Amino acid sequence: MSDIKKVVLAYSGGLDTSAIVPWLKENYNCEVVAFAADVGQGDEELEGLHEKAIASGASECHIVDLKEEFVKEYIYPTIKTGAVYEGEYLLGTSMARPVIAKAQVEIARKVGADALCHGCTGKGNDQVRFEGTFAALAPELTVIAPWREWDMVSREDLLAYLAERDIPTTASATKIYSRDANAWHISHEGGELEDPWQAPTDQIWTMTVSPEQAPDASELVSVSFDKGELVSVNGKALSPYQALVELNTIAAAHGVGRIDIVENRLVGMKSRGCYETPGGTVIMKAYKALEALVLDKAALKYREQLGLEFSHVMYDGRWFTQLSQALLAGAESLSAGITGDIVIKLYKGNATVVQRQSPNSLYSEDFATFGADDVYDQKHAEGFIRLFSLSSRIAAMKGEESK
């Protein structure tokens with residue numbers, strides 16, 4: 001007999017979590033509290049969610065607005081690290097998981113639950129991200145992962161399970177793609193994407209227009225940062241979430257932010273996915289352009305190394321760890337001077353930095369000019385080069401002596 005009395009389920013209203021609610025009640029004889037996070041996935045996914053959860057057998061449904069917290073406390077700090085997973089993925093799904101799992105723990109404490117549950121499969125990264133957060137924040141709570149326990153293996157199994165219990169669902173056996181959306185991006189997996197030789201069809205993309213169908217005229221967008229944080233778009237002061245929404249709208253209309261990649265999952269397999277991150281692509285381009293003005297060579301090199309390491313920390317679900325906090329602190333320190341304005345041209349899927357300025361810029365036209373100047377003595381370069389290459393000269397001399 002299970003000792004679990006109350007479970008908080010990370011609930012989306014999709015097929016999996018709709019089946020999990022009655023399954024938990026039947027197999028654990030417990031009360032199920034549904035929890036849903038609003039991280040900017042859109043009203044369509046949240047509409048009717050409370051009623052759907054109750055109809056599935058949940059005793060309560062808590063929908064928590066995390067949009068501003070998600071952008072300010074998770075996206076912005078990650079931007080400061082410069083993290084991009086395997087050179088292309090802007091970590092949209094990865095960044096949302098810690099804020100969602102943290103809020104789930106808070107709901108569990110609020111309602112007096114003794115267990116947490118998620119609908120992640122045993123093949124994916126998200127199970128690690130959720131449970132890593134649970135372990136860090138609430139190790140005393142039991143974790144239930146139905147996909148690792150039940151004997152259902154397909155959408156047809158889940159649909160039959162719900163039909164037997166007269167539980168309504170809008171899901172069908174013909175669903176092709178697996179998608180995950182939030183304020184930063186939307187991801188697409190499944191269908192033809194399971195064959196890496198198959199090009200994505202037009203029905204894959206839902207957030208951006210195709211570059212071929214984008215306007216024939218380019219558009220300039222200006223963004224301003226203060227100490228590493230985006231504060232305005234086109235001169236208009238906006239909250240972190242509203243700034244991202246604004247840039248998503250502008251950049252999506254120009255087909256910006258599409259990628260099609262094969263990535264290494266944490267659990268060992270490779271997966272192929274398409275991602276749309278229009279506003280995020282603009283922000284990252286702008287931020288790195290501002291860094292190039294402000295950080296010196298050694299500092300920028302270190303930030304690049306930090307970003308590479310943090311991309312794996314974030315992807316692997318290690319936000320609430322000592323390493324994560326150390327890397328974030330380093331990025332925060334480096335971002336102190338990242339203040340200024342960037343103008344980006346959007347055209348046919350491309351986002352190109354065309355103007356940049358910062359009060360902390362290390363760029364000096366007096367030094368960089370190809371024309372005459374009064375600040376740089378070119379004769380000084382000779383001594384610098386002799387010392388810079390001294391070890392190579394010594395090695396060559398030693399080689400000659402040994403012959």
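Analyst: Lys348 is partly exposed, with a relative accessible area of 21%; on this scale buried is under 20%, exposed is over 50% and partly exposed is in between, using a 1.4 Å probe and protein chains only. Lys348 sits in the loop between β13 (340–347) and β14 (350–357). Its phi is positive, about 50 degrees, although Lys348 is not a glycine. Most residues other than glycine have a negative phi.

Before going on, a word on the ground rules: this is a predicted model, where local features need pLDDT of at least 70 and side-chain atom pairs count only at pLDDT 80 or more, while totals for chains, interfaces and linings use all residues. Numbering starts from 1 along each chain as its sequence is written, and side-chain values use heavy atoms, with hydrogens and water left out.

Now to another lysine, Lys227, which has a phi near 55 degrees, again a positive value in a residue other than glycine. You'll find Lys227 in the loop between β8 (219–226) and β9 (229–233). Lys227 counts as exposed because its relative accessible area is 52%.

Staying with loops, Val267 lies in the one between β11 (258–264) and β12 (270–276). At a relative accessible area of 38%, Val267 is partly exposed. Together with Leu266 and Met269, Val267 makes a nonpolar surface patch with about 210 Å² of accessible area. A patch takes residues with over 30% relative accessible area and no salt bridge, joining like charges within 9 Å and nonpolar side chains (Val, Leu, Ile, Met, Phe, Trp, Tyr) within 5 Å; a salt bridge is a Lys or Arg side-chain nitrogen within 4 Å of an Asp or Glu carboxyl oxygen.

Setting aside residues up to four places away in sequence, Val128 touches Leu266 and Asp316, a contact being heavy atoms within 4.5 Å. Val128 and Asp316 are 188 residues apart in sequence, yet their C-alpha atoms are 7.2 Å apart in space. Val128 itself is partly exposed, at 30% relative accessibility.

Thr81 counts as buried because its relative accessibility is 0%. Beyond its neighbours within four places in sequence, Thr81 is in contact with Arg303, Leu306, Gly307, Phe310, Leu328 and Ala331.

Back at the surface, Asp43, Glu44, Glu45 and Glu47 gather in a patch of negative charge. Glu45 belongs to helix α2 (residues 43–46) and is partly exposed, with a relative accessible area of 42%.

Zooming out, the chain has 14 helices and 14 strands, where helices (H or I, at least four residues) and strands (E, at least two) are DSSP runs numbered from the N terminus. Of the 403 residues, 48% are buried. Among contacts with a separation of 6 or more, 73% come from residues 24 or more positions apart. The C-alpha atoms fill a box of roughly 85 × 60 × 45 Å along the principal axes. As for charge, there are 38 positive and 58 negative side chains, and the centres of the two sets lie 5 Å apart; Lys and Arg count as positive and Asp and Glu as negative, leaving out His and the chain ends.

Terms used: The place of a charge is taken as NZ of Lys, CZ of Arg, CG of Asp or CD of Glu. Accessible areas come from the Shrake-Rupley method with a 1.4 Å probe; for residues, only the protein chains shown count as cover.
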